[in-house]
Amino acid sequence: MLFQQLINGLTIGTAYALVTIGFTMIYGVLELTNFAHSSYYMLGAYLCVSFMNLIGLDVLGFLLGTIGAILVCGTISALTDKLALGVIRKRGGAAISALLCTIGIQTVINNAIILGYGSETRQFINVFNLGRFKIGPATVSWMQVIIATVAILIMLLLTFIIRRTKFGAGMRAISQNQRAAQMMGVKVNKIIQWTFFISASVSALSGVLIGMYYRTLEVNMATVVGSKAFAAALLGGIGELPGAVIGGFVIGVLESFVAGYVSSGYRDAIAFAVLIVVLVVRPQGILGKKIHHKV
Amino acid sequence: MKKLFSKSIKRIIEKWAVNEWKVAFSCLIIALALPIVLNTRYLLSVMTICCVNSILAVSLNMLTGYLGITSLGHAAFYGLGAYTAAILGTRFELNIIVTLPAGMIIAGIAAFLLGLAAIRAPSRHLAIITLGFCEIVKIVELNWFSFTGGANGIHSVPRISLLGWDLSGKYAKYYLALFLLILTISTISLIMHSKIGRAIYSIRDNEIAAESMGVNVFSYKLFVFTFSAMFAGLAGAFYAHHFSYVSPLSFTFEQSIVLLSMVILGGIGSMPGTIIGAIILSLLPELLRDFTTWRQVIYGAIIVILMVARPSGMLGKYNFKHIRQQVKYSKLLTKNENKPLEKMTG
Amino acid sequence: MPLLEVSDLRVNYGAITAVQGIDLFVEKGEIVTLLGANGAGKSSTLSAIVNLVKPSSGKIMFDGQDITWKPTANIVEAGISQAMEGRQIFPRMTTLENLHMGGYISTKEEIEVGIERAYELFPILKERSKQMAGTLSGGEQQMLSIARALINNPKLLLLDEPSLGLAPMIIQDVFNAIVSIRDEFDTSILLVEQNARVALAISSRGYVMEKGKIVIASTAEKLLNDEKVIHAYLGGESKALREELT
Amino acid sequence: MKILDISHLTIRFGGLTAVNDFDMSVSKGEIVGIIGPNGAGKTTVFNMLTGIYTPTSGTIHYRDILLNNRQPHEIAKMGICRTFQNIRLFDKMTVIENVMVASHTRTAERFINILTRSKKMRKTEAAVESNAMTLLELVGLADYRYEYAPSLPYGLQRKLEIARAMAAEPEIILLDEPAAGMNDRETSEMAKFILEIRDMGFTVVLIEHDMRLVMGICDRVYVLNFGSLIAEGCCEDVKTNPAVIEAYLGKEVQLNASTRS
């Protein structure tokens with residue numbers, strides 16, 4: 001029972017972690033809480049189903065559908081920056097204005113999905129059908145293994161991009177001082193748009209994986225994952241990639257334990273209560289570094 | 001053309017700022033007279049909701065606009081006020097003269113305790129801490145069945161009456177809501193125009209400098225956090241009596257976001273702006289009622305377009321008090337010297 | 001043809017005109033100083049050249065190409081670098097990482113050479129290389145900001161108050177460094193500086209700005225002896241000041 | 001009369017000792033300078049004095065009150081106020097409001113008076129405003145009273161910070177590089193202004209790199225290097241102290257200072 005809860009928690013945690021990574025990337029660069037971020041999680045899953053219905057309900061259809069969903073979500077996300085958020089930045093709008101703008105974008109996307117697909121729960125056909133195996137007392141499905149593998153690969157890739165590439169250096173520079181970054185020759189707007197593209201793609205991928213895991217799509221899946229990702233990001237120390245991953249896992253495991261041992265009704269309440277306690281006791285998050293500010 | 005447009009806007013804003021009292025008074029007269037024309041139950045109810053939302057937005061603006069703390073959990077205090085009034089009303093059959101202050105106090109106590117623990121945290125953490133608090137309150141409301149009625153909520157909250165007078169008529173309720181709104185606006189304005197207000201603004205602009213000038217940042221933050229929650233509690237208590245029904249779904253984190261949108265849309269830190277924002281976002285869903293399926297999409301799109309068009313909200317760029325002073329001062333200069341303000345542009 | 005040629009440059013901030021139509025040029029291999037009281041528009045001029053502040057009108061030619069309103073990143077690639085006023089460093093990067101950012105558009109080898117040179121110029125930066133830049137003292141951040149602007153080996157270096165907040169001994173080092181930057185790397189330098197006497201001592205020419213306009217353009221030597229300039233910007237002697245005060 | 005007494009003051013950040021065993025005392029009506037190379041720990045001393053950092057060891061006494069664990073706002077109220085090296089003004093407030101904020105500790109107002117906007121409260125407000133105006137006139141910013149603080153040129157922002165600190169009516173005023181970013185002319189004016197402040201009854205402690213200003217107006221000077229005191233005394237002694245020349249002034253600048261100033 002304990003072990004099983006842990007494995008289930010880790011699987012949900014993987015999804016949270018992936019969404020959180022994208023979320024924390026944008027926060028890291030712009031200090032912007034992107035409320036639209038979780039919408040790409042849902043949009044990705046729905047688009048993938050649509051593409052599969054067009055191409056074919058098999059592995060090929062799934063793969064092409066996933067790629068299509070990722071590209072569409074990434075493009076939409078990059079466009080929102082080019083057409084809306086970037087304009088607000090350029091006009092010197094307050095940070096909170098951009099935040100409200102992302103809330104507007106979220107409202108549009110989430111409700112456009114309801115408009116296009118209807119509000120009833122939809123099936124996500126599992127094309128792999130790989131079965132499951134046992135480790136000790138717990139049952140693990142191959143789907144869980146796939147999700148974990150893909151997620152870990154993506155996390156490693158993104159960590160590499162941010163830590164080792166010029167693109168990543170540019171991102172970090174922008175996050176700390178935009179003017180100076182420009183003066184170093186960093187193409188600020190281009191990098192920000194790519195960051196939006198990448199973050200939404202990862203979110204969409206996560207939506208596809210989790211959709212396939214639960215085999216259902218619901219119209220409230222975005223809002224459910226959104227506040228969790230938000231919480232996980234802060235828990236791990238916002239702006240820190242490994243922190244985002246750990247934060248995601250902690251929230252996932254915590255939830256599944258509370259649901260298993262306390263009451264599923266209070267599942268979210270306790271997750272948030274723990275979060276509040278952590279933030280009050282350790283404001284910089286689990287992995288966040290405490291910086292000594294010069295006065 | 002564009003220049004002409006922005007110039008005329010500037011002139012209007014200047015006029016408005018100089019005559020702020022007159023404008024406010026005229027608005028009050030209009031608000032008092034409106035029921036003569038708009039006299040159906042539906043319209044009066046919409047106007048009452050505008051007042052309730054304005055109370056919420058104005059109180060949130062004190063926290064977010066004046067002090068600079070973004071709260072995503074204002075609806076929690078709104079809900080606490082509503083549940084307090086509903087429970088006191090249904091179980092003890094208490095009158096609004098008790099339930100309204102009780103709603104304020106319970107919301108205030110909750111905010112005080114939360115603030116005591118968390119208000120020192122950085123602003124971005126407070127956003128998520130308040131969000132978390134909002135979710136927790138909702139979940140408790142949903143699950144503490146014996147006390148809150150769970151998802152069913154609480155029905156038949158007593159009608160509004162005062163000293164034996166029945167105030168539950170459509171007109172009475174509107175005027176009561178308007179009265180509460182004026183009470184909120186004047187209390188907050190008076191505070192913001194005093195040394196307390198200056199201290200609050202200074203914290204928003206530079207915490208370390210404020211602290212170094214002798215402003216006790218912690219207690220001021222706690223004060224504003226508690227104070228703004230109390231008015232949310234007041235709005236909630238009125239809401240419970242107005243609809244005679246409360247349900248956890250009215251006080252979710254999404255509702256907090258709507259409240260925050262009102263503040264930002266109207267212009268953060270601007271009292272008239274906040275009220276305009278509250279009225280627009282209260283009316284918008286009603287206006288879009290005929291487009292049920294498209295309603296939310298249009299609603300979201302309008303927010304995006306408005307924010308792109310005016311990134312600082314409608315009135316966010318204008319501080320009426322400062323504009324008034326500047327206009328007065330430049331008049332003084334031109335009168336004395338009869339020449340342009342060379343010194344001021346140096 | 002001069003390396004940098006600015007003509008009729010204007011900069012507005014809202015209603016306020018910070019720069020009201022100025023002309024200036026910098027020849028190859030030259031150090032030019034821009035003098036003026038606080039708020040005369042010197043920093044705005046520098047920012048406008050690299051388009052960090054959008055000029056409202058005017059023309060900026062650099063190395064034969066028109067760079068007016070070009071994205072800052074492209075201007076940097078063309079060969080202009082700026083050490084900014086107000087310690088515009090990356091606080092959550094180490095000193096070394098900050099220097100690496102200075103070579104964002106350069107190759108690895110160029111960066112290595114550049115960093116060696118930066119450490120020679122400011123040895124304290126080497127000691128602080130692993131330290132977060134945000135925890136450096138004000139003066140150290142200033143040094144880092146100058147050192148960082150040099151990493152990509154610019155043709156033109158814009159220096160905004162390089163001596164701001166620096167100890168006297170370091171100021172001398174910085175000005176020595178500026179001269180050696182010009183001599184060794186053939187970099188032209190446009191300097192905004194309050195420490196007018198020292199700045200003019202290493203410059204060939206200077207401009208004096210007042211209320212957004214250039215009021216005097218002359219050789220450094222003439223400026224140093226100009227009564228008006230002495231009165232307005234150079235001040236009296238230390239001893240004289242003491243006497244004046246007591 | 002000694003009003004400020006610092007002894008064995010030490011602070012460590014992680015492994016780094018920013019200030020080590022620092023002793024200093026200030027008497028009423030003095031102008032005391034703290035100089036030293038960049039990163040020597042001068043501003044850190046100010047930060048400990050004003051309660052922003054808590055010292056690792058050592059004591060700070062202000063008129064026999066131990067300041068070590070006091071909050072910054074308490075210390076401001078007691079009578080020590082400061083300016084900042086990297087200017088920290090209230091950006092969305094006008095120049096005069098910036099100054100008025102600092103009167104905070106000098107006025108007490110009952111909540112009920114604020115809600116009723118009583119006569120007494122309006123009287124206090126008027127007094128605060130006229131006091132702020134007086135200070136602005138003193139620093140020459142009266143014409144800018146209704147401008148926003150960031151729209152002022154850098155040098156004037158520094159003056160505004162000083163006016164703001166004065167409005168808190170402290171006994172000791174701490175100035176962190178008051179002449180930074182000013183040309184020689186403006187520096188001379190600033191020097192004169194600081195003397196005026198002293199004559200008004202303030203005690204001044206200042207950090208500054210401009211030797212003309214420091215040597216011109218300071219009664220005594222403390223020299224810090226790598227967090228430790230390397231010299232103290234009157235200007236002439238310090239100026240000729242070999243350790244100071246080596247660590248801070250530099251031989252060339254000595255030369256240069258004579259040609260330049």
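View 1. A:Leu71 sits in helix H3 of chain A (helices being DSSP runs of H or I, at least four residues, and strands runs of E, at least two, numbered from the N terminus). This is a predicted model, where local features need pLDDT of at least 70 and side-chain atom pairs pLDDT 80 or more, while totals for chains, interfaces and linings use all residues. Residues are numbered from 1 along each chain, chains are lettered from A in the order written, and side-chain values use heavy atoms, without hydrogens or water.

Together with A:Leu54, A:Ile55, A:Leu60, A:Leu64 and A:Ile67, A:Leu71 forms a surface patch with about 610 Å² of accessible area (Shrake-Rupley, 1.4 Å probe, only the protein chains shown counting as cover). Nonpolar patches join Val, Leu, Ile, Met, Phe, Trp or Tyr side chains within 5 Å, each residue having over 30% relative accessible area and no salt bridge. H3(A) gives the largest share, four residues.

**View 2. Where chain D meets chain B.** Here 40 residues of chain D and 34 residues of chain B take part in the contact (heavy atoms within 4.5 Å). The two chains bury about 3,500 Å² between them, 60% of it on carbon and sulfur atoms; buried area is the accessible area (1.4 Å probe) lost on being put together, summed over both parts. Look for D:His73, D:His104 and D:Tyr146, which supply 19% of the area chain D buries against chain B, more than any other three residues.

**View 3. A salt bridge across the interface.** B:Arg198 pairs with D:Glu125 in a salt bridge, their closest N and O atoms 3.1 Å apart (a Lys or Arg side-chain nitrogen within 4 Å of an Asp or Glu carboxyl oxygen). The interface of chain D and chain B has two salt bridges by this rule.

Key. Patches are made of residues with over 30% relative accessible area and no salt bridge: like charges are joined within 9 Å, nonpolar side chains (Val, Leu, Ile, Met, Phe, Trp, Tyr) within 5 Å.
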